[in-house]
Amino acid sequence: MITELGAFALVLALTLSVAQTGLSAVGGARRSVVLAGAGRGAAVAVFLAVAVAFACLIHAFVVSDFSVANVAANSHTAKPMLYKVAGAWGSHEGSMLLWCLVLTGYGAAMAFFGDSLPPRLRSYAIAIQGALGVLFLAYTVFASNPMERLLDAPIEGRSLNPLLQDPALAFHPPFLYAGYVGFSVVYSLSLAALIEGRIDAAWARWVRPWTLAAWSLLTVGITLGAFWAYYELGWGGWWFWDPVENASFMPWLIGAALLHSAIVTEKRGALPGWTAFLALAAFTFSMLGAFLVRSGVLTSVHAFAVDPTRGVLLLIMMGVAAGAGFLLFALRAPTLNPGGQFRAISRESAIVLNNILLSTATAVVLLGTLFPLIREAMDGEAVSVGAPFFNLTFVPLMILAFAVLPAGPLLAWKRGDAAGVARKLWIVLAAAVVLGLIAYAVVQPRKALASGGLVVGFWLIGGALLELSERLKLFRVPAAESARRAKGLPRGAWGTTLAHAGLGLFVLGASFETAWRVEAAQALGLNGSQPLGAYTLTLKKVGTVEGPNYLAERGVVDVVDKAGRLVCRATPERRFYPTGGQTTSEVSICPSLLNDVYVVMGERRAGEGGKPAWLIRAYVNPWVRLIFLGPLLMAIGGVVSLSDRRARLGVGRRTGETVS
C-alpha cells in the first residue's frame, strides 16, 4: 500500500509540475498576483509530492519489500541499515528519483525564499523550473519508475554492489546531486532574464548565491567520491580521469568560471552575455553527466545502468533543455548591453583570462571524455584516453590559471596597476620558489616538475594570504586597526581567501603525493616481510571474520620504521559477499599528520614450499591528506561567502516592478 502511495505521489508530482509551469508562465505574462501565487504554491506541492514518493521508496528498502523491483535488485535482508537506506539512490531508478527530489526542492526554495526577485522574473523562473520538472518526472514515471512491482516477488534480493556499500558513497550522491541540480536554478533564472531582456548587474546578484551554493555542494560531492575511490577501490589513487569522474568535474569547472564572471557582471555590469552563456552551460554539463552515468555508453564502477534505450531518452531531454536555452540565448544575445569598458590590465581582464583558461580546460576534459565514444561510433575501434593526455593538455592550462589567480584580486577594477601588483607579489613568488627549491634539494629522488608543482601551491596560498593582509593593512597600521578591519571585513572576502588557499593546499598535496608515492608488492607468507620506503611490513596473521553480510579473510600487517618501532598495525581484508557472489578488497590505512601507509591484501596463493601466501600491495602516500582537506576548505569558503548577508539578499525591486 505504501509503495502504491509513492507511485501515486509521483504521478501527482508530474501533474502538479505541469500546473506549476502553466500557472507561473501565464501569471508572469499577465502580471497576475493570483496566478503567480498559484504557481508558487504548485512548486511547493510538487516538492512535497516527490518527497512523499522518495520516503515511500526508502520505506520499501528499509522493510526489504522485494515485491518492488528496485528493492529486489539492490537490497538484501542482511545488508546494514545505512546501506539499505542508501540503496534507495544506489540504482538507476532511485538515482533519478533523488534527482527529481533535489530539482523540485530547488523550485520550492525559489518559490518560498525568492521574495527579493522581481515578481515577473520570479514567475518565469519558477515556470522554467517546473518545465524541467515535467521533463525529469515524466522520464521517471514512464521510463524509470522506482515503484514498479514484480508479479513474482523473490524471497531475497540481489543486494547492492559491495563497492557501493560504504559510508562515503552513502552521502556522495546526495551532495553531488545537490550541486548538479543546483545549477538548474541558475539555468532557470538565466532563461527568465533572457525572456525579459534584462541580463544586468541585478540579475548577476540574484544568480551568484545559487551558483555559490551549487558549486560548494558539488565540491563536497566530488571530494567524497575521490575519497571513496582512494580507500575503497584499492589501487592507491584518488583520481583516475574516469569518464564518470570527468562528468562531475566539467560542471565544477564551468561553475567556477561562472562564479568569477558573475562578479564582473555584478560589480561592473560587464560580460553579461558571457555570464549568461556560462549559466546555461553549467546546467547543460550537469545534464551531460546524468546522461553519461545512466545511459550505458560508459563502462565504469561509477555508472548506474547499461540501458541504451533510456540513454536515448535522456539525450533527447538534454537536447530539448539545452537546445531551448541556447536558442533563446542566440536570439537575445545581439540585444544585450555589452556593459562597462575596462583596460587590458584590470581585475576584469584577469577574470576574463581566468574564464578563458577554465573554459578551455573544460573543453579539453570534454574532448578526452567523449573521444573514445566518438571513435568507437565512427569505426568500431575501442580506444582509451587516460592520464597522459590530460597531463599534457589540462595541467598546463591549470598552471596558467593558477599563475594569474593571485594577481586578480589585487588589481583595481576598470584600470589596474600591474607594476604595483608585481611589487606586492614578488615576495610571495620569492618565498614560493625558495620553498620549492628546498623541496627539490631535500626530498629524494629529486623531481623538478613536482617541485615546480609545490611552487604553484605555495604561490596560491601566499597570494590568498597577501590579498587578505592587503585588506587588513597588516603591519602598515596599528594592530588594533587591523583587528577592527578584520571584524568588519565582509564574509565574502574571508570565503574567497579560504577557497583560494584551499586550492593551494590541494595543489601541494596532489604534486607531492603523485610524484613521491612509494609502492611495493610482494607475496608474503606468515611472518614474511617486505620493505616499503622508510618502513618494513610484516604479515603477522591471517584469520577469518564474519561481517553483517559478508565473510572476510583479514590479515594483520605490522608496519615498523627504520628504528624498529611499531608505527601501526594494518588490518586489510578480502571480503566475499555470498548474496552477489562478489569479492572485494578492503584497504587498511595507517594515517599520520599528512601521510598514509596504505595496505591492500590480495588473494591466497601458493608460496615457497607450498605454504600459503598472500599478495600484499602497499603504498606510502605522502601529503595525501591535503588532497582532501584542500577541496573541503574550498567548500567551506563557499559556505562562508554564502553566509554573507549581501550574497543572500537579492537586489530590491525596481520602481514599477509589481504585479497587478
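**Close-up 1. Trp623, in the loop between β10 and α18.** In this predicted model, Trp623 lies in the loop that runs between β10 (612-621) and α18 (624-642). Its phi is near 60°, a positive value in a residue other than glycine.

Close-up 2. The rings of Phe512 and Trp623 make a stacked aromatic pair, 4.1 Å centre to centre and with 15° between the planes. Phe512 belongs to helix α17 (residues 491-516) while Trp623 sits in the β10-α18 loop, so the pair ties together parts that are 111 residues apart in sequence. Phe512 counts as buried, at 9% relative accessibility.

**Close-up 3. Phe54 meets Trp89.** How many aromatic pairs are there in the model? The count comes to 30. Take the pair of Phe54 and Trp89: the ring centres are 6.1 Å apart and the planes are at 10°, so this pair is stacked. Distant parts of the chain are linked here, with Phe54 in helix α2 (residues 33-62) and Trp89 in the loop between α4 (81-86) and α5, 35 residues apart. Phe54 is buried, at a relative accessible area of 8%, and Trp89 counts as buried too, at 12%.

**Close-up 4. A cluster of aromatic rings.** Which residues do ring pairs link into a cluster? Look for Trp215, Trp239, Trp241, Phe249, Trp252, Phe389, Phe390 and Phe394. Some of these names come back in the next view: Trp215 of α8, and Phe249 and Trp252 of α9, are among the residues that make the contact between those helices.

**Close-up 5. Helices α8 and α9, side by side.** Helix α8 (residues 201-232) packs against helix α9 (residues 243-268) at an angle of about 150°, and the axes are 9 Å apart. An angle over 145 degrees counts as roughly antiparallel, so that is how α8 and α9 run relative to each other. The crossing of α8 past α9 is left-handed. On the α8 side, the contact includes Ala201, Arg205, Arg208, Leu212, Leu218 and Ile222, and on the α9 side it includes Pro251, Gly255, Leu259, Ile263 and Glu266. Sorted by type, the contact residues are 14 nonpolar, five polar and three charged.

Close-up 6. α5 goes past α7 in a right-handed crossing. Among the residues of α5 that take part are Leu98, Trp99, Val102, Tyr106 and Met110, and they meet α7 residues including Pro173, Tyr177, Val181, Val185 and Leu189. How many of the residues in this contact are charged? There are no charged ones; the contact divides into 14 nonpolar and four polar residues.

Close-up 7. Gln444 and Pro445 are joined by a cis peptide bond, with omega about -5°. Pro445 lies in the loop between α14 (418-442) and α15 (448-472). Now go to the loop between α15 and α16 (479-488), where Lys473 is found. Lys473 has a positive phi of about 55°, although it is not a glycine. Lys473 is partly exposed, with a relative accessible area of 33%.

Notes. Residues numbered from 1 in each chain as written. Predicted model: local features only at pLDDT ≥ 70, side-chain atom pairs only at ≥ 80, totals over all residues. Heavy atoms only, no water. Left-handed = near helix turned anticlockwise from the far one by under 90°. Helix = DSSP H or I, 4+ residues; strand = E, 2+ residues; numbered from the N terminus. Contact = heavy atoms within 4.5 Å. Nonpolar A, V, L, I, M, F, W, Y, C, P; charged D, E, K, R; others polar. Buried < 20%, exposed > 50% of the residue type's maximum accessible area, 1.4 Å probe, protein only. Phe/Tyr/Trp six-rings, centres within 6.5 Å; stacked < 30°, edge-to-face > 60°. Axes fitted to C-alpha atoms, helices over the stretch in contact; angles between N-to-C directions. Parallel < 35°, antiparallel > 145°, perpendicular 65-115°, else oblique.
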